[in-house]
Amino acid sequence: MKQSLFTVAENRPLAKDVWQMTLRGDTSAITAPGQFINIKLAGHFLRRPISVCDWNDESVTIIYKVLGKGTDEMTRMTEGTVLDILTGLGNGFDTAKCGDKTLLIGGGVGVPPMYGTAKRLLSEGKHPIAVLGFNSKCDVFYEEEFRALGVETRVVTVDGSYGQKGFVSEALGEGYDYFCACGPVAMLKAVSDASTSDGLLSFEERMGCGFGACVGCTCKTKYGNKRICKDGPVLTKEEVVW
Amino acid sequence: MVNLKVNLAGIEIDNPVIPASGTFGYGQEFAQLYDINCLGTFSFKGTTRDPRYGNPTPRIAECPSGMLNAVGLQNPGVDKVISEELPALKKIFHKPVMANVSGFSIDDYAYTCEKLDKEEQVGWLEVNISCPNVHNGGMSFGVDPVAAAEVTRAVKSVTKKPVFMKLSPNVTDIAAIAVSCEEAGADGISLINTLLGMRIDLKRRAPILANKMGGMSGPAVFPVALRMVYQVYEAVKIPIIGMGGVSSAEDVIEMMLAGATAVEIGAGNLTEPYLCRDVIAALPAVCEKYGIDNLESIIGGAHHG
Ligand SMILES: Cc1cc2nc3c(=O)[nH]c(=O)nc-3n(C[C@H](O)[C@H](O)[C@H](O)COP(=O)(O)OP(=O)(O)OC[C@H]3O[C@@H](n4cnc5c(N)ncnc54)[C@H](O)[C@@H]3O)c2cc1C
Ligand SMILES: Cc1cc2nc3c(=O)[nH]c(=O)nc-3n(C[C@H](O)[C@H](O)[C@H](O)COP(=O)(O)O)c2cc1C
Ligand code: FES
């Protein structure tokens, strides 16, 4: 984990209530896709945890949904705004576990960590398949970005207004050998039940610290208590206690 | 050179800054961030007789200038703390540690304290009496002077280490509880634990915390904590560890002027992981600014007859 200052380089809307922010700063603590950062916002006591979507040596990109006051204030941050951020939090997706044909399943703001995971898998010479789920056409983002990587990409909407109609758990198809998933817990459960392979699932929890100190984010697993922020947010399908 | 040393119930500590129980685990997470030997000491996670999972999640909510927690005393139990956490701590922390103990009956407290008394790494016992008494309809030991004294006596009879009784602020007369603990033999008083609070999620129209209610702490509670430290200082002669919303060297000095011999920092560690290190580093300059050359000399300095 590292605490450092980042500068907003870009902040723009992507879809309904969904924004993308690129932050310039020291990204050396980020080691795996699926890790998260914890952002200090003026006027709020607790930091806001947001997944890493993509990163390089100079900057990190996040995608956030406007949910409450903090994320709403983030939409008004202009280029040059300086933010105090903890980086390199959580375990992230262990791509060594992933096979050649890994499904990358994202629901809503669970899509962003799948983008960094896709890039990592491609760099390992693997052939991931993206399954991106949204409620409606106005919520869809990053379809083009996944395709631009050369990743086979399926989009699913709950109301059928774009792509295939239904839930991501109904669009897993066949011929995959592993999966990585991030999204609402109901989606994760449905994916876990419907999947025919092993896989990794990324969970959310309300956090006090984000680095393992307060045990505010504990969950039970087959191998004992785990802290979502430090021992997770990624757990194996096999260890999850639903 | 400003002297930051204070004597905490017979043990001299290098400075009065102590991370508060429940916000510093058993030291390991923070030892990866900085050398925790810069601390006066630290109070480890509330430890109980048996292992505890604690409450279901969500356990954390936010409030203006603070937070609510309903962790529910998750801890591995005293045996594992002694067999695993203390040996691991020995490698990274070379000062006496403060052992924070919780219980749900008088026997629980005595059992756990007796075991920790045998550990040479433990310098002080800090006994959290905010917990519900299972033998008394779940009423907290800390709201009743008689129950608070009973816990104090039970713990004092099993240990020679200094015992700090950690009080709940959810009472009408905190000084009366403190006096009761002092009369029962306590070596010091820690205060305050968290204030009972609540938040409701507008979308779900339901409490945010799975436990519905939780303990509030952070800068929002500082004036309440300071007032209670001030009141307790007027009522007892034993040393006080003041806490509640401390987040700067100035706050440390304010707490000490109110009557604290040492100061704990809780929630601040969670949002500013380097806070305790930075407060200690800032203390000498802030002391000089206010004309303080010996920090110990200002304890209770705001009381003028
Ligand atoms: C590991 C992790 C990764 C995340 N990644 C993303 C992401 O990539 N994109 C994204 O849009 N959102 C993500 N979230 C959710 C995001 O943290 C919340 O939406 C955000 O904190 C809401 O802040 P707010 O001030 O707008 O809402 P408020 O409701 O005003 O926040 C009040 C408090 O509740 C907390 N909180 C509220 N909702 C959540 C939630 N769902 N999860 C955790 N804490 C919450 C806030 O952090 C804050 O402490 C992630 C959460 C976690 C735990
Ligand atoms: C997440 C969390 C967990 C806590 N756990 C304990 C505990 O196990 N035992 C205890 O005596 N106090 C516990 N406390 C209370 C703190 O030690 C401290 O008394 C209180 O938070 C006030 O200080 P603060 O405002 O600096 O946080 C906890 C506080 C927090 C925020
Ligand atoms: S949020 Fe503090 S331990 Fe996970």
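Which domains is chain A divided into? There are domain 1, residues 2-89, and domain 2, residues 95-204. Keep in mind that this is a predicted model.

Let's start inside chain A. The C-alpha centres of domain 1 and domain 2 of chain A lie 22 Å apart. Where they meet, 18 residues of domain 1 are in contact with 14 residues of domain 2. How much area is buried between these two domains of chain A? About 1,300 Å², with carbon and sulfur atoms giving 62% of that. Three residues stand out on the domain 1 side: A:Pro33, A:Cys53 and A:Ile63. Together they supply 36% of the area that domain 1 buries against domain 2, more than any other three residues.

Now the polar side of this boundary. Five residue pairs are in polar contact between domain 1 and domain 2 of chain A. Four strands of chain A each supply at least two residues to the domain 1 side: β1 (2-15), β2 (18-24), β5 (54-55) and β6 (59-65). Of these, β6(A) gives the most, with four residues. By class, that side has 10 nonpolar, five polar and three charged residues. The rule finds one salt bridge across this domain interface. Look also at A:Asp54 and A:Lys119: their side chains meet in a salt bridge, 3.0 Å from N to O.

Next, chain A against chain B. The contact takes 29 residues from chain A and 34 from chain B. The two chains bury about 2,400 Å² between them, 57% of it on carbon and sulfur atoms. On the chain A side, A:Phe45, A:Arg206 and A:Phe211 lose the most area to chain B. Together they account for 28% of what that side buries.

How many salt bridges cross the interface of chain A and chain B? The rule finds three. A:Arg227 forms a salt bridge with B:Glu29, with the closest N and O atoms 2.8 Å apart. Polar contacts between the chains come to 11 residue pairs. On the chain A side, β7 (82-89), β14 (218-221) and β15 (224-227) give two or more residues each. The largest share, three residues, comes from β14(A). That side has 13 nonpolar, seven polar and nine charged residues.

Last stop: ligand 2. Of the 23 residues around ligand 2, five come nearest: B:Ser21, B:Lys166, B:Gly245, B:Gly266 and B:Ala267. Take B:Lys166: an N or O atom in its side chain is 2.8 Å from an oxygen atom of ligand 2. B:Gly266 uses a polar backbone atom, 2.8 Å from an oxygen atom of ligand 2. And B:Asn100 has a polar side-chain atom 3.1 Å from an oxygen atom of ligand 2.

Key: Residues numbered from 1 in each chain as written. Chains lettered and ligands numbered in written order. Predicted model: local features only at pLDDT ≥ 70, side-chain atom pairs only at ≥ 80, totals over all residues. Heavy atoms only, no water. Domains from an automatic or database assignment. Contact = heavy atoms within 4.5 Å. Buried area = accessible area lost by both parts, 1.4 Å probe. Salt bridge = Lys/Arg side-chain N within 4 Å of Asp/Glu carboxyl O. Polar contact = N/O pair within 3.5 Å; in protein donor to acceptor, adjacent residues only side chain to side chain. Nonpolar A, V, L, I, M, F, W, Y, C, P; charged D, E, K, R; others polar. Near = heavy atom within 4 Å.
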